[in-house]
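This briefing goes with the structure shown below. Please look at the overall arrangement before turning to the notes.

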Amino acid sequence: MLVCNIIKNLSGFALNVDIEAKRGVTALMGASGSGKSMTLRCIAGISKPDSGHIELNGRVLFDSEKKINLPPQKRNTGFLFQDYALFPNMTVLQNIMTGIKNKTDREKQAAEFAETFHIHAHLNKYPHQLSGGEKQRCAIARILVGSPDILMLDEPFAALDSHLRSELEMELATLLKSFPNPVLYVSHNRDEVYRLSDNIAVMNCGKNEPISEKKALFKNPASVQAARLTGCKNIVKAISKGTQISVPDWGVELDIAQNDVQYVGIRANYIVPASAANKADIAAAFPFEIVNEIEDTFTNILMVRKQGTNLPPIRWEMPKKDRATLRNLPQELALLREHILFLR
Amino acid sequence: MDLFPLFNSLRITVIAVSIAFVLGIFAAYAILRMPQMFKSVCDTIFAIPLVLPPTVVGYFILVSLSPSSLAGSRLLEWFDIIITMRWQAAVIAVIIISFPFIYRTARGAFEGFDQNLLDAGRTLGLSEKYIFFRILLPNCKHGIIAGTVLAFARGIGEYGATSMVCGYIAGRTATVSTSVAYFWQINQNDMAFYWTMINLAIAFVFMVLIEIFNKPKVRV
């Protein structure tokens, strides 16, 4: 179990992270520059927090009050760098051997791990002779051969071509499931995070929101930042008015009694024609006009707004086949109660 | 034909550049880890022989090591050693003059090196010594070798400081560059020409070596 509670002043913002991660995959999700990678670096010991406490499986790695700051060599953390950081002057075998801490039978151990990670055919190749996927497998083998107490992955797929990603992602998912210690996983890709992680901490400008279970976070994000990172495209200001919520940017009043709402959101694929919805579920329905239509790979994106207004458009996304059956557009669009996100 | 000056030059330069090689690399490594303020001060001091006239370097060596100086008189009294006007004095001069070439190229190579690789080594539990000798140095070797060749070329042709600290004593302190000046001064033009040709040949060899080592292997 990892306990990390640190503060570090960086140019532009202050890192203020408070997380606890058990066994399983915890994702740190945030826009670039939100301090995700710096958090990993502080845990690994290659950057020093200004103050705080880091504890791994009961072992104190850093404590500013007790003046404890273990060097990275003594922390036993596994850190997968974005570009894998293989040593260019060493072969695959030699690279994996650097991760072995005991002195006996190093070559045999390294070769065994190479076999597990399907790179035994390349043992004597240098990193520049490997493909992106082979590099990643070599780097992971090099890390796991030392049985680290935690595994930290910094955007592991950023350096790969997209067609390689899905294949490697499945391999990595299997691997992460069998890893007996906490895994911290940094990414800004919501789909990747959803597929690979169990819990998610959203990071925003150096601060993290409380860790939540991934399904709960995607279903009901609490903040604007979390909603945006989980892919909600329509987020606007809202005002609570007793039994209604007024949403000026959409030009509607939502039939929902909820106090202290600052923002509301609705996912682009949850908007439905009013005729297809159960009347009791509708929070608001409105006649609309199409501002713009974009054809995406598998969906059609309609930018719509309330008819006869000049409001900023709402994004409405549907599968292409639904678009084909919708040639005769409905009269009104409906926003359903269960799909409205209340955000702060 | 007496080839002593060539032998003497090679002896002086090999010893001096070997010492400057170790000093230059460690100075470059040390400066990487220094706080910013010390860094610029030390950097200036380390690089200053590059722009200083060699005679000034020679002057400092004489003032600090000649038998009439404080340190020089101690050396003579305690160890019975005289450094100036011996070939060993030229070694000291060449160390100082060739040092910045190695220091600066090593520093450039270290700074251009991917710091993530060093950090990766640390998280893998590798010692700082292992990281320095087995990761940093091997990956920076092209830059460092090019700098060393340059230092060697500069050292073997060193004249200003060498002639001040050990003069020209045939068969004892004569070097390839001081020979040219000496034979010219005593009107032995054919000998001066002969040593000039040797210097040209050495220079040519070094230019070829620099050209070879400056071209890094293509890495994809």
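The model is predicted. Chain B contains 11 helices and zero strands, whereas chain A is divided into two parts, domain 1 (2-220) and domain 2 (234-343). In chain A, strand 5 pairs with strand 4 and also with strand 6.

**Chain B**
- Read along the sequence, the pattern of chain B is α-α-α-α-α-α-α-α-α-α-α.
- Along the principal axes, the C-alpha atoms of chain B fill a box of roughly 65 × 45 × 25 Å.
- Chain B has 220 residues, and 41% of them count as buried.
- Among contacts in chain B with a separation of 6 or more, 74% come from residues 24 or more positions apart.

**Domains of chain A**
- The C-alpha centres of domain 1 of chain A and domain 2 of chain A are 40 Å apart.

**Strands 4 and 5 of chain A**
- Strand 4 (residues 51-56) and strand 5 (residues 59-63) of chain A run antiparallel and are joined by four bridges.
- A:I54 has A:F62 in strand 5 of chain A as its bridge partner.
- These two strands form a hairpin with two residues between them, and A:N57 in the turn has a positive phi of about 50°.

**Strands 5 and 6 of chain A**
- Strand 5 and strand 6 (residues 68-69) of chain A are antiparallel, with two bridges joining them.
- A:F62, the bridge partner of A:I54, also has A:N69 in strand 6 of chain A as a bridge partner.
- The hairpin of strand 5 and strand 6 of chain A has four residues between the strands, and A:K67 takes a positive phi near 55°.

Terms used. Residues numbered from 1 in each chain as written. Chains lettered and ligands numbered in written order. Predicted model: local features only at pLDDT ≥ 70, side-chain atom pairs only at ≥ 80, totals over all residues. Buried ≥ 20, exposed ≤ 12 C-beta atoms within 10 Å, placed from the backbone. Contact = placed C-beta atoms within 7 Å. Domains from an automatic or database assignment. Pairing = 2+ DSSP bridges.
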